[in-house]
Amino acid sequence: QRPRAAAPAPVPAPGRGKLETQKLLFDAARRAGEPDEPDLAVQLYARLLARFPDSAFADEVRAATEAQRKKLKS
């Protein structure tokens with residue numbers, strides 16, 4: 001009998017791209033701010049900027065963070 005060839009190793013699933021991860025964080029922060037959870041929204045926006053300081057969403061994140069901080073003050 002001929003020996004069986006080893007099965008090829010499974011190809012790992014591709015990881016999330018940086019842009020997709022940024023979008024997920026941005027959307028999560030935006031949703032957190034909608035039901036009046038400004039604390040959580042600010043934390044998520046800060047996390048996004050900490051992980052991706054050059055994010056394509058940076059200007060929107062900064063503006064949204066400021067809006068959520070205003071909610072906290074009122």
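Here is a short chat about the salt bridges in this predicted model.

Student: How many salt bridges does the structure hold?
Tutor: There are four of them.

Student: Okay, which residue does lysine 23 bridge to, and how far apart are the closest N and O atoms?
Tutor: Lysine 23 pairs with aspartate 27, and the closest N and O atoms sit 2.9 Å apart.

Student: Where are lysine 23 and aspartate 27 relative to each other along the helix?
Tutor: They are four residues apart in helix H1, which covers residues 18-33, so about one helical turn separates them.

Student: And aspartate 27, buried or exposed?
Tutor: Buried, at 15% relative accessible area, because the cut-off for buried is under 20%. Lysine 23 is partly exposed, with 43%.

Student: What about arginine 30, which aspartate does its side chain meet?
Tutor: Aspartate 27 again, in a salt bridge of 3.4 Å from N to O. Arginine 30 and aspartate 27 are both in helix H1, three residues apart, about one turn of the helix. Arginine 30 counts as partly exposed, at 35% relative accessibility.

Student: Which residues are linked in a network of salt bridges, then?
Tutor: Lys23, Asp27, Arg30 and Glu34.

Student: Switching topic: where do arginine 62 and aspartate 59 lie?
Tutor: Both are in helix H3, residues 58-73, three residues apart, about one turn of the helix.

Student: Is aspartate 59 buried or exposed?
Tutor: Aspartate 59 is exposed, with a relative accessible area of 62%, whereas arginine 62 counts as partly exposed at 45%.

How values were computed. Residues are numbered from 1 along each chain as its sequence is written. This is a predicted model: local features need pLDDT of at least 70, side-chain atom pairs count only at pLDDT 80 or more; totals for chains, interfaces and linings use all residues. Side-chain values use heavy atoms; hydrogens and water are left out. A salt bridge is a side-chain nitrogen of Lys or Arg within 4 Å of a carboxyl oxygen of Asp or Glu. Helices (H or I, at least four residues) and strands (E, at least two) are DSSP runs, numbered from the N terminus. Buried means under 20% relative accessible area, exposed over 50%, partly exposed in between (1.4 Å probe, protein chains only).
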